[in-house]
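Subject: Handing over a structure

Hi,

Here is the structure I promised to pass on to you. Please have a look at it first, and then read my notes below.

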Amino acid sequence: MLKFIGIGNLANEELLNTSAYIKQENKLFIIDCGVMSFKRMLELNLFEDVDTAYIAITHMHPDHIGGLASLISYLNLEKNIIPKIVVPSEDEEQKQDIINFLFLQGVTQDIYELVNDVDLILNETLLKINFRSVKHSQNLKSYAIEMTFDNGKIYYLGDNNDEKYHKSLAKKLGVNDLIYTDCCDEINELHINLEKLAEIYDEKLRKQIYCMHFNGDETVSKAKNLGFSVAVKEQSKEEYLKRIMSH
Ligand SMILES: [Zn+2]
Ligand SMILES: [Zn+2]
């Protein structure tokens, strides 16, 4: 359901910062826009035919929000779009932090709109969004984004090390539901460990869990070996053609 602009962590130039989107006809919904993400969005021609853009941000680490000012300015200047930034309805502070963060980069409130957890109608599919606070960094709030469709739910964890939240998901996960989560394969305070995820999610659930935010290919292999699904980075048309030609 989700497509990926990047699937890497803070500094992986190959995998790029983790950022996802849903595009349905002329509507675009983006989750996170890191330092490396905006340029990649242009390479993927993501904005072609788009007239409405929603952007939800999980938290304010640079690999998740560093490209937001560029993205908003571009949509405004080049596409004549006022993007809607989706923010948690009960977190006035987070809202103000985003406003200030953008203001310091010359992006004022007349070229974007702030909306609370909203009901988005992406053509036929109803997409309702809720933010849930999750454990990540001591210095920064991080949110899981819960998306409700007419036939199931997607839980998206940008960055987390929140066993409790994962355990609650493992208990209630429906057959059509999917989870997207960052992960790591070492001891790390900020990200949930793959072994820990394997402890929480029974083998039969693991295909519904998509790992992302990798520090490298070894972690991708480890996630696959444990039976998890992995997010796959989208290819641009040029990259796709090049791959076909080389076969
Ligand atoms: Zn983070
Ligand atoms: Zn991150």
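A word on terms before the metal sites: donors are N, O and S atoms within 2.8 Å of the metal (3.2 Å for Na, K and Ca), and since water is not among the atoms, sites may look incomplete. This is a predicted model, in which local features need pLDDT of at least 70 and side-chain atom pairs count only at pLDDT 80 or more, while totals for chains, interfaces and linings use all residues. Residues are numbered from 1 along each chain as its sequence is written, chains are lettered from A and ligands numbered from 1 in the order in which they are written, and side-chain values use heavy atoms, with hydrogens and water left out.

Along the chain, the donors of the zinc ion (ligand 1) are spaced as H-x1-H-x74-H-x22-D. They are His59 (NE2), His61 (ND1), His136 (NE2) and Asp159 (OD), at 2.1 to 2.2 Å. The four donor atoms subtend angles of 90 to 159° at this ion, which makes the arrangement irregular. For the cut-offs: four donors count as tetrahedral if all angles lie between 85 and 135 degrees; four count as square planar and six as octahedral if opposite donors are over 155 degrees apart and all others between 65 and 115; anything else is irregular.

The zinc ion (ligand 2) has Asp63 (OD), His64 (NE2), Asp159 (OD) and His213 (NE2) around it, at 2.1 to 2.2 Å. Its donors follow the spacing D-H-x94-D-x53-H. The angles here run from 84 to 155°, and this arrangement too is irregular. Asp63 sits in helix 2 (62–65), and His213 in the loop between strand 12 and helix 7 (217–225), so the pair ties together parts that are 150 residues apart in sequence. Helices (H or I, at least four residues) and strands (E, at least two) are DSSP runs, numbered from the N terminus.

What links the two sites? Asp159 coordinates both zinc ions, which are 3.7 Å apart. His59 lies in the loop between strand 4 (52–56) and helix 2, and Asp159 in the loop between strand 10 (152–157) and helix 5 (163–172), so this pair ties together parts that are 100 residues apart in sequence.

Both His59 and Asp159 are buried; buried means under 20% relative accessible area, exposed over 50%, and partly exposed in between (1.4 Å probe, protein chains only). Asp63 is buried at 5% relative accessibility, and His213 at 3%.

Seven strands form an open sheet in the order 7-8-9-10-11-12-13, with mixed pairing. Its edge strands, strand 7 (119–122) and strand 13 (229–230), each pair on one side only. Two strands pair if DSSP finds at least two bridges between them.

- Strands 7 and 8 are antiparallel, with four bridges. They form a hairpin with two residues between them, and Asn123 in the turn has a positive phi of about 55°.
- Strands 8 and 9 are antiparallel over eight bridges, with Ser133 opposite Tyr143.
- Strands 9 and 10 are antiparallel with six bridges, and Thr148 has Lys153 as its bridge partner.
- Strands 10 and 11 run parallel with four bridges; Ile154 is partnered by Leu178.
- Strand 11 (178–182) and strand 12 (209–212) are parallel over four bridges, with Ile209 as the partner of Ile179.

Strand 10 has five of its six residues buried, so it is largely enclosed by the rest of the structure. Helix 5 lies across strands 8, 9, 10 and 11, at about 165° to strand 10; axes are lines fitted to C-alpha atoms, for helices over the stretch in contact (heavy atoms within 4.5 Å), and angles run from 0 to 180 degrees between N-to-C directions.

**Two further places to look**

Helix 3 (68–79) has twelve residues and reaches 15 Å from first C-alpha to last, close to the 16 Å expected at 1.5 Å a residue, where the expected span is 1.5 Å times one less than the number of residues. Its buried residues are Leu68, Ala69, Leu71, Ile72, Leu75 and Asn76. Asn80 follows the helix, with a positive phi near 60°.

Ser236 is in the loop between strand 13 and helix 8 (237–245). Ser236 is buried at 6% relative accessible area, and touches Arg40, Glu43 and Leu44, not counting residues up to four places away in sequence.

Best wishes
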